[in-house]
Amino acid sequence: MKLTSRSFSRAALASAFLATTLGVSLVLASSADGAASTLGAAAAQSGRYFGTAVAAGKLGDSTYVNILNREFNMVTAENEMKWDATEPNPGQFNYSSGDRILNHAVSNGKRVRGHALLWYQQEPGWAQRMEGAGLRQAMMNHVTQVATHYRGKIYAWDVVNEAFADGNSGGRRDSNLQRTGNDWIEAAFRAARAADPGAKLCYNDYNTDGINAKSTGIYNMVRDFKARGVPIDCVGIQSHLTNNAPSDYQANLQRFADLGVDVQITELDISGANQANAYAAVTRACLAVARCTGITVWGIRDTDSWRTGQNPLLFDGSGNKKAAYNSVLAALNAATPTTPTTPTTPTTPTTPTTPTTPTTPNPGGCTASVSLNSWNGGFVATVKVTAGGTPLTGWRVTTPLPGGAAVTSSWSAGNSGTTGNVSWSNVSYNGNVPAGQSTEFGFQGTGSAEGLTATCSAS
Ligand code: XIL
């Protein structure tokens, strides 16, 4: 449900009424000392997200759904947006399970990472049997069709998954995809950008957690893509770990960020006795890298994990919080993390993007700045809300949209109106912003929002 400012203040009033009449303290996403009490709220304090993989078949399990709805503000379909699920027969697409997950996420105010457009595993049987030019054509059609179906609804796509070889070669993995020609990855990124210019486009892989031959091979590819203008915005570090993150985990995230891409921890799960410490170390590493925009764990309860019997997740089989959960939450609440930067993503070469508008000073205790990503007929606006010298306990932002522009979807804020003088207020988990810290919300729209500004006031 999208919270309008009216229903939001009504909900807030109702909570206050309940709290006073019942004389109990409600469990809110934020406690009196400013520490957040859920993973999503705690990550949002620094403008980051905390996500999980979700299986469509579990959306009827109330324990699962309660934890999902309470803790996470980003969702990845565990299997439902993969090639075998979305195109079971050539040219015949099935989005029913993927849509179920997406709709659950969106109607509960969460964003979605798309996973994965091209991967050598979980190819449908018909594609597994193809090679060469025919396969290349089928691959690009797949990317275009799926990215078009989800256009405007995906925060970031794993455009290509696991294309590099393990071991010391630093080169590509052999597969029928790779055998269509070494340029298949950049062709896929270009097709994805054309189909959904609002989505960040990621390369995603595993065994890339430290600085090693495989991650260096990927690093060199990303550097080359940036140099040649191939549209890539982010690198996913899956982070399927045992006991520890490598000691150069943060340095590895940072070197990718320094190439001018976001980094995201996309499939985190950690087995072994040192689990709680290792989870905290990974969390701190992301918080220390300005362009590490969020963390996704690969499932909710240990019993939901693909790593059967290894108990690598944050909740036990009954849905109880584990020590690892507490250590992640504490790490998210501790210290002063760097706020992720959201540079403007270049879109199609023909449409210039608007540079970030200057910060608008505001006496009400906060400032807001807009980063706009535009294409012909549409835009995505990311708005950064920064608290002044005193902590915020709620905020309101107005964004006067030019004539012809209209909001079609949004995340991490409730809006009143979709055209003209649209105003936004915080949702339950991102109203508390410590002094000097930031949080982000965003919206997608049709028309042109060139020159958009945002004005913030504390509420
Ligand atoms: C896994 C799923 O969790 C399993 O349910 C499925 O059987 C196989 O795939 N890297 C990825 C994910 O990118 O898509 C994989 O997910 C785990 C490894």
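Is T266 buried or exposed? In this predicted model, T266 is buried, because its relative accessible area is 1%, a value that falls under the 20% limit for a buried residue.

The chain contains 12 helices and 17 strands. Its length is 459 residues, of which 56% count as buried. Among contacts in the chain with a separation of 6 or more, 75% are accounted for by residues 24 or more positions apart.

T266 belongs to strand β8, which spans residues 262–271. Its side chain and that of N204 are joined by a polar contact of 2.7 Å. When residues up to four places away in sequence are not counted, T266 touches R113, N204, G236, I237, Q238, T296 and W298.

Attention now turns to helix packing. Two packed helices are described by the angle between their axes and the distance between the axes. Helix α7 (residues 132–149) packs with α8 at an angle of about 30°, and their axes are 8 Å apart. Angles under 35 degrees count as roughly parallel, and α7 and α8 are therefore roughly parallel to each other. The crossing in which α7 passes α8 is right-handed. On the α7 side, the contact is made by R136, M139, M140, V143, T144, A147 and T148; on the α8 side, W184, A187, A188, A191, A192 and A195 take part. These contact residues comprise 10 nonpolar, 2 polar and 1 charged.

Helix α8 (residues 184–195) also meets helix α9 (residues 213–228), the two axes coming within 12 Å and crossing at roughly 55°. The helices α8 and α9 are therefore oblique to each other. As α8 passes α9, the crossing is right-handed. Here α8 contributes I185, E186, F189 and R190, while α9 contributes M221, F225 and R228. The residues of this contact divide into 4 nonpolar and 3 charged, with no polar ones.

Taken together, α8 is roughly parallel to α7 and oblique to α9. Both the passage of α7 by α8 and that of α8 by α9 are right-handed.

Conventions:
Residues are numbered from 1 along each chain as its sequence is written. This is a predicted model: local features need pLDDT of at least 70, side-chain atom pairs count only at pLDDT 80 or more; totals for chains, interfaces and linings use all residues. Side-chain values use heavy atoms; hydrogens and water are left out. Helices (H or I, at least four residues) and strands (E, at least two) are DSSP runs, numbered from the N terminus. Buried means under 20% relative accessible area, exposed over 50%, partly exposed in between (1.4 Å probe, protein chains only). A polar contact is a pair of N or O atoms within 3.5 Å; within protein, one must be able to donate a hydrogen and the other to accept it, and residues adjacent in sequence count only if both atoms are side-chain atoms. Contact means heavy atoms within 4.5 Å. Axes are lines fitted to C-alpha atoms, for helices over the stretch in contact, and angles run from 0 to 180 degrees between N-to-C directions. Angles under 35 degrees count as roughly parallel, over 145 as roughly antiparallel, 65 to 115 as roughly perpendicular and the rest as oblique. A crossing is left-handed if the near helix is turned anticlockwise from the far one by less than a right angle, and right-handed if clockwise. Ala, Val, Leu, Ile, Met, Phe, Trp, Tyr, Cys and Pro count as nonpolar, Asp, Glu, Lys and Arg as charged, and the others, Gly among them, as polar.
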